[in-house]
Amino acid sequence: MLTRTLFKAIAPEDAEPGDGAAERFSRHFLSLSSTKIADGLIDPKLVLAWVMGAVGAPGYLIGSLVPVREAGALLPQILLAREIQRRAVRKYFWVAGSIIQGLAAFGMAIAALTLEGAGAGWVILLCLAIFACARAACSASHKDVLARTVETGARGTVSGAAGTVAALVVFAFAVLLSFGVIPRELGAISIAIMVAGALWLLAAMTYLGIDEPPDRDAGDEGTTSKNVLEPLWKDGEFRRYILVRGLMISTALAPPFLVMLSEGAGEGAPGNLGLLLVASSLAAIASSYLWGRLSDRSSRQTLAGAGALAAIALGTAAAIGLMTGGLLNGAIAAVAVFVAQIGYEGARAGRKTHLTDMDTPGGKARYTALSNTMIGVLLIAGGGFGFLSDIVGPSAVLALFAVMSLLGAWAALGLDEVQGDSGARAG
């Protein structure tokens with residue numbers, strides 16, 4: 001009854017709840033909502049960085065949080081693709097990955113409560129590395145499971161709806177934290193991290209119940225070390241997709257530079273940071289579900305629109321920064337973050353749905369792993385933008401990001417419309 005109610009409330013109007021579709025859709029929604037909420041509670045850029053500072057960890061460990069998280073979640077996927085492709089039922093990779101993420105979160109919280117200094121920092125970083133590698137298994141398997149259990153036209157919707165629910169919960173957490181209802185103390189934050197761990201375990205139990213039809217084409221064919229890279233030179237659509245996604249990493253890398261511009265205007269106080277966090281959360285709340293629905297109609301146009309919107313926000317912020325030496329005040333910075341984050345949400349929804357719906361000869365897991373591994377390498381290289389900012393300033397870097405976003409939008413228009421007959425369909 002609950003699954004059918006969720007399906008009717010969230011799924012597209014033309015979707016049919018028969019043949020177990022409502023059950024599968026609802027389990028995906030509940031699982032993704034749980035993990036997305038957990039992601040917000042354990043955000044390495046904010047929460048874990050604060051925890052590391054609170055326990056007295058050295059700066060070089062704090063600075064390693066995001067690279068370890070991003071590289072660990074993306075780079076191993078190409079190694080996992082072959083093993084995933086061999087299995088007829090792949091949901092167990094996602095389940096195992098979620099369980100390990102939950103346990104790693106508990107490890108971080110315990111380390112924060114019982115250790116201090118570099119020792120605490122190293123244990124938290126080690127737990128984060130384990131966490132990230134487990135996440136790689138989830139990411140490499142999820143699109144494959146989603147493509148075979150949820151019909152075309154509802155896949156972006158389920159992810160977008162889960163993102164909206166998670167954004168609401170995380171926003172409420174941020175507000176309670178800002179007003180001191182939740183104490184800004186190590187003990188309280190550690191409990192929040194434990195809650196995140198429990199949510200990953202709950203998500204694993206929910207996902208385990210998805211009725212996934214076995215893949216009759218499962219096996220070693222097409223997943224040898226050599227053939228894993230084959231789509232790069234045999235699939236023109238995939239090459240363009242990688243180009244678009246590579247240019248769109250500008251939407252993910254931009255927020256810290258917007259914060260730098262705000263600090264350049266002398267408004268880097270914690271209160272201003274809270275305003276930027278609220279703006280980011282509101283953007284996710286306002287746009288996640290809408291972008292998901294739009295991507296089910298046309299992921300190509302969603303990517304193009306998101307890239308153009310991000311280019312406008314980042315270009316405007318860069319222009320103001322170049323003229324004034326920093327954004328005028330925290331409110332203007334918050335508006336820039338809000339619009340840029342909407343663009344980021346659209347880019348994320350569009351690229352996920354496009355890869356899920358596009359034709360992937362040889363297996364969805366292989367395409368997912370290859371694309372994520374390549375983007376992981378680019379994100380690591382993206383750390384160089386920080387050094388560039390020291391030389392030319394954050395405004396110039398934001399201008400470069402604006403150009404990248406605009407080029408990504410232009411390249412997206414050359415992608416195929418995969419939401420038609422050529423797109424993959426649920427089995």
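**Notes on a cavity, a patch and some salt bridges**

1. The largest cavity here has a volume of about 120 Å³. That comes from a predicted model, where local features need pLDDT of at least 70, side-chain atom pairs count only at pLDDT 80 or more, and totals for chains, interfaces and linings use all residues. Residues are numbered from 1 along each chain as its sequence is written, and side-chain values use heavy atoms, with hydrogens and water left out.

2. A word on terms. A cavity is a set of points on a 1 Å grid over the protein atoms alone where a 1.4 Å probe fits but cannot get out, and its lining residues have an atom within 4 Å of a point. Grid points are joined across faces, edges and corners, and the volume is the space filled by probe spheres set on those points. Searching the whole structure turns up 1 cavity of 30 Å³ or more.

3. Who lines the largest cavity? The residues are Lys-36, Gly-156, Ser-159, Gly-160, Gly-163, Ser-288, Gly-292, Glu-345, Arg-348, Ala-349, Lys-352 and Thr-353. At least two lining residues come from each of α9 (155–178), α16 (270–297) and α18 (330–357), and α18 gives the most, with 5 residues. (Helices are DSSP runs of H or I, at least four residues, numbered from the N terminus.) The lining splits into 1 nonpolar, 7 polar and 4 charged residues, where Asp, Glu, Lys and Arg count as charged, Ala, Val, Leu, Ile, Met, Phe, Trp, Tyr, Cys and Pro as nonpolar, and the others, Gly among them, as polar.

4. Next, the surface. Leu-388, Ile-391, Val-392 and Leu-400 make a nonpolar patch of about 350 Å². Such a patch takes residues with over 30% relative accessible area and no salt bridge, with nonpolar side chains (Val, Leu, Ile, Met, Phe, Trp, Tyr) joined within 5 Å; the areas come from the Shrake-Rupley method with a 1.4 Å probe, and for residues only the protein chains shown count as cover. Helix α20 (residues 384–392) gives the most to the patch, with 3 residues. Leu-388 sits in α20 and counts as partly exposed at 31% relative accessibility; buried means under 20% relative accessible area, exposed over 50%, and partly exposed in between (1.4 Å probe, protein chains only).

5. How many salt bridges are there? The count comes to 7, a salt bridge being a side-chain nitrogen of Lys or Arg within 4 Å of a carboxyl oxygen of Asp or Glu. In one of them, Glu-23 pairs with Arg-27, with the closest N and O atoms 2.6 Å apart. Both lie in helix α2 (residues 21–41), 4 residues apart, about one turn of the helix. Glu-23 is partly exposed at 29%, and Arg-27 is partly exposed at 22%.

6. Another salt bridge joins Asp-144 and Arg-90 (2.9 Å, N to O). This pair links distant parts of the chain, 54 residues apart: Asp-144 is in helix α8 (residues 117–149), while Arg-90 is in the loop between α6 (77–86) and α7 (91–114). Both Asp-144 and Arg-90 are buried.

7. Glu-417 and Arg-300 form a salt bridge too, their closest N and O atoms being 3.1 Å apart. Here 117 residues separate the partners, with Glu-417 in the segment after α21 (394–412) and Arg-300 in helix α17 (residues 299–324). Glu-417 is partly exposed at 33% relative accessibility, whereas Arg-300 is buried at 15%.

How values were computed. On a 1 Å grid over the protein atoms alone, a cavity is a set of points where a 1.4 Å probe fits but cannot get out, and a pocket is an open set with protein on both sides within 12 Å along at least five of seven lines; lining residues have an atom within 4 Å of a point. Patches are made of residues with over 30% relative accessible area and no salt bridge: like charges are joined within 9 Å, nonpolar side chains (Val, Leu, Ile, Met, Phe, Trp, Tyr) within 5 Å.
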